[in-house]
Amino acid sequence: MLRPGTLRAASWVSVRHSFPSSAFSLPPPSGTMVARLLLRAWPRSPAVGRGASCRPLSAGFEPGQYLQRSIVPTMHYQDSLPRLPIPKLEDTIRRYLSAQKPLLDDDQFRKTEQFCKSFANGIGKELHEQLVAQDKQNKHTSYISGPWFDMYLAARDPIVLNFNPFVAFNPDPKSEYNDQLTRATNMTVSAMRFLKTLRANLLEPEIFHLNPVKSDTDTFKRLIRFVPSSLSWYGAYLVNAYPLDMSQYFRLFNSTRLPRPSQDELFTDDKARHLLVLRKGHFYVFDVLDQDENIVSASEIQAHLKYILSDNSLAPEFPLAYLTTENRDIWAELRQKLVSSGNEETLRKVDSAVFCLCLDDFPIKDLVHLSHNMLHGDGTNRWFDKSFNLIIAKDGTAAVHFEHAWGDGVAVLRFFNEVFKDSTQAPAVTPQSQPASTDSSVAVQKLHFKLNDALKSGISVAKEKFDATMKTLTIDCIQFQRGGKEFLKKQKLSPDSVAQLAFQMAFLRQYGQTVATYESCSTAAFKHGRTETIRPASIFTKRCSEAFVREPSKHSAGELQQMMAQCAKYHSQLTKEAAMGQGFDRHLFALRYLATAKGIKLPELYLDPAYGRINHNILSTSTLNSPAVNLGGFAPVVSDGFGIGYAVHDNWIGCNVSSYPGRNAREFLQCVEKALEDMFDALEGKAIKT
């Protein structure tokens, strides 16, 4: 079964759209072209395709309250989004066997083939028919949405490291704006502008424009806004524009994952108007919206944050935040004790806050320190259950750390890009701005929790576990400066396929094996779409990796180039299929979920060791690239794995890797660098250095 932690790779999904061909008689764009053009959702600057031509706010919209005023309502396309298709069972089995081929020897493969045949002709066929029938009864959603929520929320592992990723902002281009108080104020105001714009239905709908000259124009927007929501997607489709599902966006704010026995729940209270601030393990709240739902003045927010930063209290002896790092059942039990000890109202303020702002009291030393601090920190100054924590260090280095159960990376990235753009281009305060002369000691409430001995003991045990686990995590990164997207595209190679091939070569060089590899792909082009898995390890990457690593002298540069091209072509096909909801992972997962729900004995296919092995994702990979992003990271999803965050930029390639003691991240990165050097040599017609 998919270990829930493997979903972490979905945090930085590359949105690769799919296109139902039956909606119109005109044929959709070719899948290969779509996959290539849409390989990244994140690289776009926030302005591209989203309010680049936003109209100025009209009378009645107070300046500084909104990011933009879209003339097309935010949720205009939601009702008419196409539904996520359920693949044909025979296609799923064929794709599954193709992904297993490089991982198994001949005897193992034959056994797996037999399990698949029995499944397809027996219980698998019945389950598939039931899944299709169930899907027809639930046209308001997708077949994967409910099971996916359940899998996240039923997972009992601690969410820190096992699920939550981080994405770090680039510094503000104006260095003086990186002062902690200035940046915290500006980012808080920009986040609130995003909230207000979203709730007022004024945020530009999330769309990928294949032909922006036609679709990303005021003329088109003025026309499409009059097309009923039930038909609007088709209007966008006619001009090669593809709206994305935005159903997860509401959970960005006022939301928390609450620990419950057996299965957690998602809580949202959009009536709450206060911000939660953590500093040195202390909790503070103050209103960021007034009674009319307008954003409190920036100078007041600045004054309140300054007041919090000037609090000289020592760190608490028993920092409550450690509890959010615990096993979910243990945390659920301790939370119940918190409630029965008279903390219910105080916890409600934490849970319902618009978001959690974490102010750290130290500067960031380097990229490795940045990754450790934003991914886990010391456990005292994050509320890991909040939908997201906005973290700002002493030197203004900022990041978003987010909980993963409520949604995938698409909503987080949109928020991230918009906040960076707004806080740097339309900052609410300057370094010279004076905070309001308000009485922050009245407006800011410091939260106090009543802790009995059982709770104090629970916090102490959580701290011990947390500290012990964090000591085992290694993070390292490289920047390969020889080239990037521009060079690879001239070679007619998909940049993503080359990065993935480098990981295959690196692992083969380091450990002599080809192993299960996971790359996430968004299916947000469909209503309530989540993610699908691309399986980058193939017979083609295995053959190519062996040629480069084991016998480079036996192959000419031309032969190596040809093998790379074959890998790229197959990777593009997998990408296209995943984007169209035509992978195999989600379909097999849904069939297993259905069997369990109906009390049916687990089919042999799922008991096959090969099924367990392909879902033990030793290489968990996720890509991101945006003008707002410095870097991002996540932990491995298995104890003997690597967590690989990467980005292929125009002229360089970045890679941020995490590992536990079972693997060596530094050595792996050296092997990645060697793989990239070898591929670039081959592409330039040079001999491979041994």
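Modeller: A term to begin with: helices (H or I, at least four residues) and strands (E, at least two) are DSSP runs, numbered from the N terminus. This is a predicted model, where local features need pLDDT of at least 70 and side-chain atom pairs count only at pLDDT 80 or more, while totals for chains, interfaces and linings use all residues. Residues are numbered from 1 along each chain as its sequence is written, and side-chain values use heavy atoms, with hydrogens and water left out.

Biologist: Thanks! Which residues does the UniProt domain annotation cover?
Modeller: The unreviewed UniProt entry gives "domain: Choline/carnitine acyltransferase" for residues 84-674. UniProt positions are given in the numbering used here, feature names are shortened, and annotations may be inferred rather than shown by experiment. Over residues 84-674 the chain is 45% helix and 15% strand, with 40 Å between the end C-alpha atoms.

Biologist: How many strands form the open sheet, and in what order?
Modeller: Eight, in the order 12-8-7-9-10-11-2-17, with mixed pairing. Strand 12 (445-447) and strand 17 (629-633) are at the edges with a single partner strand each, so one side of each has no neighbour in the sheet. From one strand to the next, the twist averages 25°. Two strands pair if DSSP finds at least two bridges between them. For angles, axes are lines fitted to C-alpha atoms, for helices over the stretch in contact, and the angles run from 0 to 180 degrees between N-to-C directions.

Biologist: And what packs on that sheet?
Modeller: Helix 6 (residues 180-199) does, touching strand 2 (166-169), strand 7, strand 9 (356-359), strand 10 (388-392) and strand 11 (398-402). The direction of helix 6 makes about 150° with that of strand 10. Helix 11 (residues 328-352) lies across strand 7, strand 8 and strand 12, and runs at about 110° to strand 12. Contact here means heavy atoms within 4.5 Å.

Biologist: Do strands 7 and 8 pair in the parallel or the antiparallel sense?
Modeller: Antiparallel: strand 7 (residues 274-279) and strand 8 (residues 282-287) share six bridges. Leu-278, for one, has Phe-283 in strand 8 as its bridge partner.

Biologist: What about strand 9?
Modeller: Strand 9 pairs with strand 7 in the parallel sense over four bridges, and strand 9 also pairs with strand 10 in the parallel sense over four bridges. Buried means under 20% relative accessible area, exposed over 50%, and partly exposed in between (1.4 Å probe, protein chains only).

Biologist: Changing topic, where does UniProt place the active site?
Modeller: At His-404, again from an unreviewed entry. His-404 sits in the loop between strand 11 and helix 13 (409-425).

Biologist: Is His-404 buried or exposed?
Modeller: His-404 has 0% relative accessibility, so it counts as buried.

Biologist: Who's in helix 20, then?
Modeller: Asp-585 is one of its residues. Asp-585 counts as buried because its relative accessibility is 4%. Leaving out residues up to four places away in sequence, Asp-585 touches Glu-532, Thr-533, Arg-535 and Asn-615.

Biologist: And what does Gln-582 touch?
Modeller: Pro-85, Pro-87, Arg-95 and Glu-577, not counting residues up to four places away in sequence. Gln-582 is in the loop between helix 19 (557-579) and helix 20, and at 18% relative accessibility Gln-582 counts as buried.

Biologist: Last one: how many cavities are there of 30 Å³ or more?
Modeller: A search of the whole structure finds twelve. The largest has a volume of about 80 Å³, and twelve residues line it, with Val-72, Tyr-77, Glu-204, Ile-207 and Lys-221 nearest its centre. Helix 8 (218-224) and strand 3 (207-209) each supply at least two lining residues, and helix 8 gives the most, with three.

Biologist: What counts as a cavity?
Modeller: On a 1 Å grid over the protein atoms alone, a cavity is a set of points where a 1.4 Å probe fits but cannot get out, and lining residues have an atom within 4 Å of a point. Grid points are joined across faces, edges and corners, and a volume is the space filled by probe spheres set on the points.

Technical notes: 1 Å grid on protein atoms, 1.4 Å probe; cavity = no way out; pocket = protein on both sides within 12 Å on 5 of 7 lines; lining within 4 Å.
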